[in-house]
Amino acid sequence: MNPPFDKLITGVDTKWLIENKRLAPYEYYAPTLVDTTGLRTVAGDYVASDLERLMNERAIYGNVIESYKRFAPGERAICYCVSVEHARATAGAFSEAGIPAEFLSAATPPKQRREIMEGFRNGAFQVLCNVGIISEGVSIDEVSCCILLRPTESIALGIQQMMRCMRYLPGKTAKIIDCVGNYTRIGLPDDDREWSLSEPVRKRRELSSEGNFYLRCCPECYMTFATAPVCPFCGSAYPLHPREIQAKQEIELRKITAEEAARVAQIKKAARVEQGRAASFEELVKLGKQRGYKNPAFWAAKVMRGRRS
Ligand SMILES: [Zn+2]
């Protein structure tokens, strides 16, 4: 079946939009609070019931609020949750901590939804928790923070959510607080990506050919950046991740094996050249003796037969 469109017009990329003040620059913090390794996937994203269990079972609300206070205190934030119950509980936790918050879901009646959006626009409350309904179509310039609480493997969904706080305002720096490690699966908003009509957007490779993560999260300040020897923001050095250590060992092993194979090939080639120089039967016998063969004459005869055939 042909794709519904046969031309893909790639727009200008996110880096360009930031450099040219169409989008706000951003800081990306990744105080990862949950372990997503056990989650099952279906149709390219996580199973909803797994997400709900993960986000509701762990007592992570306190850490989410601490992260907001640390990285974007007082800023207007959209919180992306995994379920209605999760959105309700998260909004409740913020309100209890003295940070006015509301929540929205697909089940919120239209009139109430309009009122909540109006209140958010006017700054009546700081944090709006929701389940997937503010991924597109909501344009509030003053929103300067996104809190990611929904683990996703979907690049389209993940990037839409991250970028919801990047509408341009002079002097604004967006703060993306990724509590679920989405950057490890889909990268940062302005990574270079290849878009295609016929294939899904290729998932990023996690490790470079040197065995380093492409992106790193500083354990001191949680800033997330392209791999560098020390954190470019706070200057702290960080230890290699066990996965990186393992990858580096495997690469080293492959390198050693390749070097060994090249060395053996070199020796064999030198031996062939040496043998080629021995023109007569007598010279071959002499070479066979030098090489310590048990029966140099037998070997020399075999080589001579091979040359004649
Ligand atoms: Zn740092």
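## Zinc site

C218 and C231 are both buried (under 20% relative accessible area with a 1.4 Å probe, protein chains only; exposed is over 50%, partly exposed in between). This is a predicted model: local features need pLDDT of at least 70, side-chain atom pairs count only at pLDDT 80 or more, and totals for chains, interfaces and linings use all residues. Residues are numbered from 1 along each chain as its sequence is written, and side-chain values use heavy atoms, without hydrogens and water.

The zinc ion takes its protein donors from C218 (SG), C221 (SG), C231 (SG) and C234 (SG), at 2.3 to 2.4 Å. Donors are N, O and S atoms within 2.8 Å of the metal (3.2 Å for Na, K and Ca). The four donor atoms subtend angles of 105 to 116°, so the arrangement is tetrahedral (all angles between 85 and 135 degrees). The sequence spacing is C-x2-C-x9-C-x2-C. C218 sits in the loop between strand 9 (215-217) and strand 10 (224-226), and C231 in the loop between strand 10 and helix 8 (242-277), so the pair ties together parts 13 residues apart in sequence. Helices (H or I, at least four residues) and strands (E, at least two) are DSSP runs.

## Positive phi

Most residues other than glycine have a negative phi. Y222 has a positive phi near 65°. Y222 lies in the loop between strand 9 and strand 10. Its relative accessibility is 28%, so Y222 counts as partly exposed.

K21 has a positive phi of about 60° and is not a glycine. K21 lies in the loop between helix 1 (14-19) and strand 1. At 54% relative accessibility, K21 counts as exposed.

Definitions and conventions: Four donors count as tetrahedral if all angles lie between 85 and 135 degrees; four count as square planar and six as octahedral if opposite donors are over 155 degrees apart and all others between 65 and 115; anything else is irregular.
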